[in-house]
Amino acid sequence: MLNEFSYCPRLAYLEWVQSEFAPSADTLDGELQHRWVILQQGNFVDAMEFANADDATNSPTDTSTPTDAANSDVASSVMLSAPGIGLIAVVDKIETLTAVSSEPPEVVPVEYKRSGIPPTDERSYEPERIQLAAAGLILQEKGYRCRRGVIYYIASKTRIDVPFDEPLLIRTHTLINQLKAMVAVGHIPPPLVDSPKCPRCSLVGICLPDETRHVQLTQSQVPARPPSRPVIRTIIPTSDDRVPLYVQEPRAAIGKVGDALQVRSPAPERRVLAERPMRAISQVVLLGDVQISTQTLHALCEADIPIAYFSYGGWFYGLTTPLASKNIELRIAQFARAADRSFAIKIARAFTAGKIENQRTLLRRNHPEPPDMVLAQLAAAADAARNADTFETLLGVEGNAARIYFEHFNGMLKPRPELGKWPVDLPLFANRNRRPPADPVNAMLSYAYALLTKDFTVTCFTVGLDPFMGFYHQPKFGKPALALDLMEEFRPIIADSVVVTLINTGVIGIGDFVSRGGSFALKPEPRKRFLATYERRLASEVTHPIFGYAISYRRTFEVQTRLLARVLTGEVDSYASFTTR
Ligand code: SF4
């Protein structure tokens, strides 16, 4: 962790204190290279038993054969600890130089790096030298003579000597003390400013350095647009290539074949309906009585892929996720903040105002003649939500805005008669109703809201928040209150927008529903079209209203949730909702 701290104190805090980890090409490659080292074994002569070390056998050598010790012992992946300086380290290799006197053995720690030799004066990076020097300090505390280490650059097949001189040891001791102080204080260090390290950092998508700093500056007393205001680099992934796998075939069975998931029709036919590599799947969504084997569940959990369960009608039953995030610090902050009602209402105001603003935007974009009065009322309602001083007032404002919005929802629906999908001159939507939805439009709205609930529940788990402890929606058995909070601002621009598109483009028509006892639900085939349109909407890119870069809606879910997490831990003052124009 010392090398991470040397690279960036915030990185060390995220990884060590908050247990955040995200694999990157660099980390995976590095892991593979180290595996090669771990496969090797060898002897490591105990300094205290040096006198008995004569019968130690030599280990197999590798391409980094010590240059100055033809008869050295080599041990791989050695875990060491030194209580005196409070360090534990796993050293890739330790070479014990052949002893020629009664002195303690001289050892040389070796670290493997996947890259070639870096273009620096020292021919190594500081975090690498610090890591090596820390191993040297541990070995010295354990009684060995250790005056230098070696970095072996795999791509260059070259050993670089790192002498443990005084400046390096002083710097290492300083970093050790600073790292301990950071952990004792328990505050996450600020992000680096415009650092070229960030785009290469595996945690950049979790840390959000530019975004966090931008929000901090926007919310501070710093005058608007100072020269120092950071440019926000698009260094987070703007799209996630993995997509959900939806399975709705009744009694279909999902199994694992090699590194892929295979969906088969029910016995006795057992025909392969679909096969997807697991690396291409972001979540598995089971609609109705789809079967999944225990082995497949284990494999999905291991690969960090959640499994969501829905009824055929679209009721979101629940989720199987890998073990909850280890970031207990964040969940403690979440529960403490939720109990503080004066804090909770600030968050609730932002969610509600964001939703009303986006309702207004959707009407403005899709209604052929949105009444000025309605747009003005919704703008006023968003302002009122921002200033509501009690939850009762906020609920009243939200309810009133919803009534105005849904009174004009029908105006956004423009089914084209030539497509013959909807009855001509029949109002499609009168008012919002649910449980059960009493018309096709309400059935689709409820279905889309259930999918959003699922996606924000998954996102809460990904970020390390408890989806059941909300700020606006109150905790209630089985209700993912935080997921419902977070999705508020996305209801109009994702769920409602998908429904409007499906009707106006004729992708779904009146014949695509079944009706039982006055309640409506989509048939299986149209449901596939519905899900495809929903996923296309999530994959579409939008300019982030605060950060100004293009980002998919799906990725926006995580960015907004991570920003909320920064508010909960006190790093950012207030939550800024996601609104579009
Ligand atoms: S993204 Fe930048 S600021 Fe954040 S942890 Fe990585 S290096 Fe540090």
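**A walk through the predicted chain**

Of the 581 residues in this chain, 51% count as buried. The model is predicted. It holds 17 helices and 17 strands. Look at how the chain contacts itself. Among contacts between residues at least 6 apart in sequence, 64% join residues at least 24 apart. The accessible surface comes to about 27100 Å². Carbon and sulfur atoms account for 55% of that surface.

Start with helix α15, which runs over residues 490–504. This helix has 15 residues. From its first C-alpha to its last it reaches 20 Å, close to the 21 Å expected at 1.5 Å a residue. Yet the helix carries a kink of about 35 degrees, centred on Ser497. α15 is mostly covered, with 14 of its 15 residues buried. Just after the helix comes Gly506, with a positive phi of about 75 degrees.

Helix α17 covers residues 553–568. Its 16 residues should span 22 Å at 1.5 Å a residue, and its end C-alpha atoms are 23 Å apart, which agrees. How many of the 16 residues of α17 are buried? The count is 16 of the 16, so the helix is largely enclosed by the rest of the structure. A glycine again follows the helix: just after α17, Gly570 takes a positive phi of about 85 degrees.

Now turn to the aromatic side chains. The count comes to 14 aromatic pairs. One of them joins Tyr447 and Phe530. Their ring centres are 5.2 Å apart and their planes stand at 70 degrees; planes over 60 degrees apart count as edge-to-face, so this pair is edge-to-face. Tyr447 lies in helix α13 (residues 440–463), while Phe530 lies in helix α16 (residues 524–539). The pair therefore ties together parts that are 83 residues apart in sequence. Are these two residues buried or exposed? The cut-off for buried is under 20% relative accessible area. Tyr447 has 5% relative accessibility, so Tyr447 counts as buried. Phe530 has 0%, so Phe530 counts as buried too.

A second pair is Tyr553 with Phe578. Here the ring centres lie 6.2 Å apart and the planes are at 70 degrees, so this pair is also edge-to-face. Tyr553 belongs to α17, and Phe578 to the segment after α17. The pair thus ties together parts that are 25 residues apart in sequence. Both Tyr553 and Phe578 are buried. These two residues also belong to one aromatic cluster, formed by Phe456, Phe490, Tyr553, Phe557 and Phe578.

Arg491 lies over the face of Tyr449, at 4.7 Å from the ring centre. Elsewhere, the charged end of Lys197 sits over the ring of Tyr7, 5.2 Å from the ring centre.

Most residues other than glycine have a negative phi, and most peptide bonds are trans. Which peptide bond is cis, with omega near 5 degrees? The bond from Ala267 to Pro268 is. Pro268 sits in the loop between β8 (260–264) and β9 (272–277). Arg270 lies in the loop between β8 and β9 as well. Arg270 has a positive phi of about 50 degrees, although it is not a glycine. With a relative accessible area of 42%, Arg270 is partly exposed.

Another arginine has a positive phi. For Arg123, phi is near 60 degrees. Arg123 is found in the loop between β3 (106–113) and α4 (126–141). Its relative accessible area is 43%, so Arg123 counts as partly exposed.

Finish at Gly411, in the loop between α12 (391–407) and α13. Gly411 is partly exposed, with a relative accessible area of 22%. Which residues does Gly411 touch, leaving aside those up to four places away in sequence? The partners are Asn366, His367 and Pro368. Gly411 and Asn366 are 45 residues apart in sequence. In space, their C-alpha atoms are 8.1 Å apart.

How values were computed
Residues numbered from 1 in each chain as written. Predicted model: local features only at pLDDT ≥ 70, side-chain atom pairs only at ≥ 80, totals over all residues. Heavy atoms only, no water. Helix = DSSP H or I, 4+ residues; strand = E, 2+ residues; numbered from the N terminus. Expected span 1.5 Å × (residues − 1). Bend = angle between axes of the 7 residues up to and from the residue. Buried < 20%, exposed > 50% of the residue type's maximum accessible area, 1.4 Å probe, protein only. Phe/Tyr/Trp six-rings, centres within 6.5 Å; stacked < 30°, edge-to-face > 60°. Lys NZ or Arg CZ within 6 Å of the ring centre and 35° of its normal. Contact = heavy atoms within 4.5 Å. Areas by Shrake-Rupley, 256 points an atom, 1.4 Å probe, with all protein chains shown as cover.
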